[in-house]
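Dear colleague,

I am passing on the structure below, together with some notes on what was found in it. Please keep it open beside this message as you read.

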Amino acid sequence: MQRDFEKDKKNMVVVEGSYAVASAVKSCRPNVISAYPITPQTHIVEDLSQFMADGAIPNCEYINVESEFSALSALVGSSAAGARSYSATTSQGLELMHEVLFNVSGMRLPVVMTVVNRAVSAPINIWNDHQDSISQRDTGWIQLYAEDTQEISDMTAQAFKIAEDPEILLPVMTCMDGFILSHVYEPVVLLEDDIVAEYLPPFEPEFKLDPKNPKTFGAFADPNSYTEFRYLQQQAMDKALKKIEDAAAEFYDLFGRHYGGLIDTYETDDADIILMAMGSIVGTIKDAIDKLRAKGVKVGLLKVRSFRPFPVEAIRNVVKDAKVVVALDKNISIGLNEGALFTETKASLYNTKIDVPVIGFMIGHGGRDIPTGTIENIIDEAKKVIDSGITVESQFTDLKEELL
Amino acid sequence: MKEIRIHGRGGQGSVTAAELLAVAAFADGKFSQAFPAFGVERRGAPVQAFTRISEDPIRLRAQVYEPDYVIVQDPTLLEVVSIASGAKDDGLILINSDFDPEHFDLDTNAKIMTVNATKIALDIIGRPIVNTVLLGAFAGASGLIDPASIKEAVMERFPGKVGEKNAEAIQKAYDMMMEA
């Protein structure tokens with residue numbers, strides 16, 4: 001299931017990444033969009049606001065709120081009332097939502113939110129990394145990461161489908177790299193309303209707030225039952241593993257585009273070295289792999305598309321025969337000196353018969369650019385691990401010693 | 001793949017120029033990608049924007065370090081920015097200036113060309129906005145892109161009289177470079 005760019009070309013237009021996402025949201029027929037439209041925000045909600053003004057999104061309420069906390073709180077109410085609900089945020093905005101994120105997932109509300117990944121303050125930095133969304137790892141949201149604007153656009157429809165499935169009912173964050181994808185102009189096929197209508201059925205939840213049939217969401221759960229709520233959320237995440245694959249496969253059947261389900265692979269079949277990464281860095285890595293493959297280096301890529309649920313089995317299957325695995329992280333758990341993908345990949349391989357060394361590189365923090373040469377240097381380090389074992393398990397990439 | 005770096009000052013439309021170039025290149029049947037050098041934009045501050053043009057889909061997400069083409073909107077930038085940095089030996093640097101190329105002593109093997117885009121803009125558009133004019137000149141100087149595609153992209157972005165005047169200026173700049 002590879003993408004056929006030449007076939008898509010006749011339907012493509014060159015637009016900004018944020019616009020492609022806004023257009024995809026429009027095609028998904030949301031009923032409520034909330035937004036706090038000042039920094040940090042993106043053009044996504046601005047473009048949606050324009051669509052609303054043009055009357056292009058029927059049966060939808062666009063709510064301007066006074067903070068990101070309110071933006072998500074508004075969607076708690078709307079989603080519980082049975083409305084398909086959407087917002088977009090980034091960086092500090094997402095951090096301010098932290099408390100509400102738990103409420104959305106705990107009430108099993110299938111909200112979809114695009115997270116435009118940016119670094120968090122302090123120091124002030126508006127550029128891309130993944131610290132904002134990775135810091136929300138345990139809030140009970142499904143997290144999907146996209147490699148280009150076509151994928152983040154298409155992922156929007158997939159996200160609603162996954163979230164609203166009666167067996168899942170979990171909120172989904174679709175994550176796109178700030179500036180690198182949100183502000184890039186590149187050719188993209190905008191989602192077509194009629195095919196989306198076929199792909200994504202109307203949102204008709206079994207349980208919703210209704211004055212004629214009163215219910216309570218998110219009410220009191222004492223020690224007698226709280227554990228079971230958490231257990232059921234985990235059960236839903238487990239079921240989402242298959243649903244994410246199914247949503248990608250079904251999307252492929254209708255739209256002809258596929259980016260992997262939980263993961264995707266590139267040149268991994270005979271690879272000694274397997275790089276693991278999420279987001280737009282994946283494209284640069286593919287270019288580096290082509291260059292090194294031409295020189296006979298057996299290197300491949302495991303793209304992690306779903307970070308929550310974490311695709312443990314899928315990762316094991318891909319890396320089991322490799323000689324070294326390298327996890328690249330645009331985030332850090334300060335105090336562990338590791339990025340989350342690295343930590344979790346190691347954990348996925350422990351207590352198994354798979355015996356492959358794993359090393360980690362923290363990279364691209366606060367928008368530091370990642371040229372192909374940086375990827376090639378990392379692959380050189382991986383080769384050394386094959387020859388002489390691990391010397392440094394996890395490290396910062398391109399650290400400027402002169403600034404320390 | 002061809003890589004283009006555009007230097008300008010905040011407010012001169014460098015990012016818009018990069019985007020229009022990507023739109024025009026795609027209309028020519030190529031794949032394209034345009035993005036700014038992600039700064040905190042301030043009017044008058046040096047800014048950069050990039051465009052990639054390729055026969056194949058573009059996956060690379062890094063900034064442009066070794067451009068095939070450099071477009072400079074404002075020659076005063078030469079005092080503060082190393083505009084020739086990384087330019088390929090067989091590359092081309094196009095500067096908005098009324099000086100001849102020999103006037104510019106840059107540390108590069110790339111070919112230097114100049115066009116008085118400011119004059120063209122003032123004569124035809126009536127304002128010293130040179131970004132679209134330079135795209136016309138770039139089409140002529142590089143042969144990389146069809147000037148008709150650039151005019152179409154500009155008129156779609158700026159419909160009506162503004163777009164028409166820009167298109168006229170683009171053609172003028174293109175013709176001048178073809179005659180040069």
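A polar contact is a pair of N or O atoms within 3.5 Å, where, within protein, one must be able to donate a hydrogen and the other to accept it, and residues adjacent in sequence count only if both atoms are side-chain atoms. With that in mind, the side chain of S18(A) reaches the backbone oxygen of S182(A) at 2.9 Å. This is a predicted model, in which local features need pLDDT of at least 70 and side-chain atom pairs count only at pLDDT 80 or more, while totals for chains, interfaces and linings use all residues. Residues are numbered from 1 along each chain as its sequence is written, chains are lettered from A and ligands numbered from 1 in the order in which they are written, and side-chain values use heavy atoms, leaving out hydrogens and water.

S18(A) lies in helix α2 (residues 17–27) of chain A, helices (H or I, at least four residues) and strands (E, at least two) being DSSP runs numbered from the N terminus. S18(A) is buried, with a relative accessible area of 0%; buried means under 20%, exposed over 50%, and partly exposed in between (1.4 Å probe, protein chains only).

In chain B, the buried residues of helix α2 (residues 117–125) are A117(B), I120(B), A121(B), I124(B) and I125(B). They cover an arc of only 100 degrees around the axis, which puts them on the same side of α2(B), the arc being that of the directions from the helix axis to the C-beta atoms. Just after α2(B), G126(B) takes a positive phi of about 90 degrees.

Best wishes
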